[in-house]
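Please look through the fold below.

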Amino acid sequence: LSKVESMSLLTESVNFNVGEQIRECVVLLEKKWTEKEISFDFHLIEQKMKGNKQLLKQVWTNLIDNAIKFSPAKSRISLSMTQHSGSFTIAVTDYGCGMDEKTQHNIFDKFYQGDSSHSSEGNGLGLALVKKIVELHHGTITVQSQPLQGSSFIVTLPAAPNTDSRE
């Protein structure tokens, strides 16, 4: 986290397909979601952006991993993308335990854990790291949640200026 926090400019920016990268992250986490018999609703588009591919892979892996962690067995997770003028939005939505307003307000703070029982593993750094990476890419991340109704993490990022699909 401190390495990413000290970054003020992105390094190693390339054009890549974000929808494809998100699908790859789901595959990487297959063992976790198959153990819980979780299914996915995919509403992903072929969206290009310019950014640090490795850092953004951390964002999707963390958000999907959290959705799996906080989802009950035999539930589903929704991954959706929408295009806007010059930007696009990704939503990672689970139908798990959800969060109260206080937790939502603090969820992106370093070392904060919404699960005060510590029944789930983690050190409270993942979402702080996610937020910093998204901000380095000139994007935003927000959360919408209600207790017992799940959570939706919404990331908005700038689209690649050149949308040539051959890249």
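This is a predicted model: local features need pLDDT of at least 70, side-chain atom pairs count only at pLDDT 80 or more; totals for chains, interfaces and linings use all residues.

## A helix pair and its strands

How far apart are the axes of H4 and H6? They lie 9 Å apart, and the helices pack at an angle of about 140°. H4 spans residues 53–69, and H6 spans residues 126–136. Angles over 145 degrees would count as roughly antiparallel. H4 and H6 are therefore oblique to each other. Their crossing is left-handed.

Now the strands. Strands of a sheet pair through backbone hydrogen bonds, either parallel or antiparallel.

| Strand pair | Bridges | Direction | A bridge partner pair |
|---|---|---|---|
| S1 (residues 13–17) and S3 | 5 bridges | antiparallel | serine 13 and asparagine 52 |
| S2 and S4 (residues 76–84) | 5 bridges | parallel | aspartate 41 and serine 78 |

Strand S3 covers residues 48–52. Of its 5 residues, 4 are buried, so S3 is largely enclosed by the rest of the structure.

S2 and S4 belong to an open sheet of 5 strands. Its order is S2-S4-S5-S7-S6, and the pairing is mixed. Which strands form the edges? They are S2 (39–43) and S6 (140–145), each of which pairs on one side only. On average, neighbouring strands of this sheet are turned by 15° against each other, direction ignored.

How values were computed
Residues are numbered from 1 along each chain as its sequence is written. Side-chain values use heavy atoms; hydrogens and water are left out. Axes are lines fitted to C-alpha atoms, for helices over the stretch in contact, and angles run from 0 to 180 degrees between N-to-C directions. Helices (H or I, at least four residues) and strands (E, at least two) are DSSP runs, numbered from the N terminus. Angles under 35 degrees count as roughly parallel, over 145 as roughly antiparallel, 65 to 115 as roughly perpendicular and the rest as oblique. A crossing is left-handed if the near helix is turned anticlockwise from the far one by less than a right angle, and right-handed if clockwise. Buried means under 20% relative accessible area, exposed over 50%, partly exposed in between (1.4 Å probe, protein chains only). Two strands pair if DSSP finds at least two bridges between them.
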